[in-house]
Amino acid sequence: MFENQAIHTEHKDVIHDVAYDYYGQRMATCSSDQYVKEYVLRVQRGPYPENSWRILRRYNDFASLNTCLQISGIELPFPGKKFIGNMRPEFIAERLSALQEYLNQVLMNPILASSLPTKKFIDPDSYSTPFHDLALQYASMCLRTEGVYTLGQSLGPIGWRLRKHYFKVVHKPQGGNKHSPGHSTTKHHLIKSSSQSHGKQHTTQVCVTTSTEKDYNNSKEGSGRDDLILTWTEFGPDRYIDEKEIHNVLKNFGSVQHPYIVPIEYIASNDNGALVIRKFYKQGSLKDVLCGVTSPCNPFLSKYGSPKGRAPLPLKELALYARQILEAIRFLHSKGLACGHVHCGNVQILDGVARLMDVENFLFGVPSFYRPFFVQHSKINSCESIDVYGFGHLLYEMCMGYPLQDSYARQITDCPDSLKSLLESILLKDACKSSLPTLDQLASHAFFSEYAATFNEQYAAAIAAQKPHLKFSTNAKEQLKLAVQKTENRVRDEQKSVKNQKRLVRVQEMMTSEEEKKKIKQKAKQEHRQAKLRAQNSLQLNNGPPTTVTVSASSGSAGAVMFKSDSANSITSPHDAALMSPPPHGAPDSGGSGSSPLRQPPPSAPPIPPPNTLALFDQALQAAASGGGGGRGGSPNQQHLKAAGRPQLNKSISGDDGYCSTTRNALLDSICNFNKSGLKKVSSSEK
């Protein structure tokens, strides 16, 4: 996970029976012609969608991965094996979900995600190279040209980097031989490497001196020899120093002297990487001290996967060690060199003094341990801010006893106020979003003056005993300055890509989330209701508002009040009218009389009917006139139409007086109740 870019899974689909996936169709069969379940994993490295691939894995592959990771002691939700009913679609769906959860747990753990078994599982093409065997070859070739050291046995995967390997190394005996410096009189033989990249043994050519190896083993019992350890590291993507100049830069850097930096015994390089020889400290690193590790040469997964003896440091030791490490970082920056790799695994504690180690990693261009964290914060974009950020994580682990597993701390408790203030200025989300303090501001913080008040006197005495020294040529300084600029530019570009990718992921989550789907459905329903309501309101406005008319009963009784709706074919009964909203109090009635008990605001002018409506009225008037002869006067409706006449109709349509509404409704009522059977057919002779 920390090898340049983070790795995560995005999509998986199970292949069973007809073996479908989203990109095509394929099928896997075993020797017995039975279908074999395979799982399609879609993997993406970093923020770039085009840097993705698909691989096929069976359940046995997952089981092998789980077996390799059990050395860490971390409990993982791995689904058990089932022999009966394992081809049912329901069981396959459950198994797929369980394996997805298992992979999520593995890839979210930085220790498990950075292990070689995990990376080989999700990216077999990139991690099938025998890194360990190549490291043996390159390291032995570099030592052979020098003729001073002899390469010993491998220490195995004691570190987290996959392209960094550790070996024992001893001095060659320097006495009485007449051979060239690049040759040795000792006996050489082939051994099998304990390669950490695969389970099978591969033979590699390694020069091992049996006599010196025996001396190395005897040195543990007090033979007087210094224990030495060799580390071979491949060059990383951030190596920006020219190949011609890097040899001189490393040679000058090999002579670095500082009381809080582990000295370098020997350093060399070729076109592929570089090796560094230092003293080996049996007590291990600061991380071994915090985790209670008694055997630093054990595999990385077993040491730090699930340690049982975690314990924080006392406040005075914490303040002293942190102040010493901070002074070493300030010294490197004063020489135009960044560290970039500040964490507990790169700190040695010896006789109450903390010293920084692996400071040459910046020259090698290898990625930082906390790179997946600080690429998520665009404000951490300079080499100084990166070192301050790493120092904050180191301080947190020293204070709490366990590392911070996120890019920022949500809450910091269980520590003094001064230490809490120091941690919050580096690790809180607001601090990461704004700007981190400088190295000089950290050195003058109140926490160090409170718990490490005597540091200045100790530092002055240490400088008097060992004067700091690190010099580069003018050309080397220009190369270092250019390397710092290019490193910062690459970090900024990657931070922009991560930010854009996060934005796309958030948009996709919003579009596919169940809550968003519910909101879309509710919004559609609400818009449908509003459209329906607007249509009803538009129809009501076109037909005019409801009016009240007084209709005279044929029996001559008192007038009955009825409500007439906008439609010409419906009349509301008095009982239903009682349920309607009453008019405003004190409003005048529709007829203009103030004595009426039922008051209604005057209606608005009705719309002018189309010409066919006027023709309908004319026909109704003619029919009433023709059928009303003989002095009978016709029906009451016919008499009403005769009395109204066409002038009243025009007057009602124009709405010039208050009686227009009553006339109009009376005419409409006559038309609706017109009795066609009462009409008499008149011949032309009767006219």
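This is a predicted model: local features need pLDDT of at least 70, side-chain atom pairs count only at pLDDT 80 or more; totals for chains, interfaces and linings use all residues.
**Figure 1. The whole chain at a glance.** Residues are numbered from 1 along each chain as its sequence is written, and side-chain values use heavy atoms, with hydrogens and water left out. The protein chain has 24 helices and 17 strands; these are DSSP runs numbered from the N terminus, helices being H or I with at least four residues and strands E with at least two. Take the contacts (heavy atoms within 4.5 Å) in the protein chain with a separation of 6 or more: 66% of them come from residues 24 or more positions apart.

**Figure 2. Inside the nonpolar cores.** A nonpolar core here is a set of buried Ala, Val, Leu, Ile, Met, Phe, Trp, Tyr and Cys residues joined through side-chain atoms within 4.5 Å. The largest one has 114 residues, and L356, L363, F364 and Y389 touch the most other members. Zoom in on L363 and, neighbours within four places in sequence aside, you find it in contact with R239, I241, I246, V249, L250, F253, L337 and L480. There is also a second, separate core of 17 residues, with L136, A139, F167 and L230 among them.

**Figure 3. Helix α10 against helix α13.** Two packed helices are described by the angle between their axes and the distance between the axes. For α10 (residues 315–334) and α13 (residues 383–400), the axes come within 11 Å and cross at roughly 165°. Those axes are lines fitted to C-alpha atoms, for helices over the stretch in contact, with angles running from 0 to 180 degrees between N-to-C directions. On the α10 side, the contact is made by L318, Y321, A322, I325, L326, I329 and H333. From α13 come C383, E384, D387, F391, L394, L395, M398 and C399.

**Figure 4. I412 in the loop between α13 and α14.** I412 sits in the loop between these two helices and, at 2% relative accessibility, counts as buried. Which residues does I412 contact, leaving aside neighbours within four places in sequence? They are M400, K420, L423 and E424. I412 and L427 are 15 residues apart along the chain, and their C-alpha atoms are separated by 9.1 Å.

**Figure 5. Two aspartates with positive phi.** D358, not a glycine, has a positive phi near 60°, and D414 has a positive phi of about 60° although it isn't a glycine either. D358 is in the loop between β14 (353–356) and α11 (361–364), while D414 is in the loop between α13 and α14 (417–427). Buried or exposed? D358 counts as buried at 7% relative accessibility, whereas D414 counts as exposed at 73%.

**Figure 6. H445 between two helices.** The loop between α16 (439–443) and α17 (446–451) holds H445. H445 is buried, with a relative accessible area of 16%. Not counting residues up to four places away in sequence, H445 touches S418, S421 and L422.

Notes. Buried means under 20% relative accessible area, exposed over 50%, partly exposed in between (1.4 Å probe, protein chains only).
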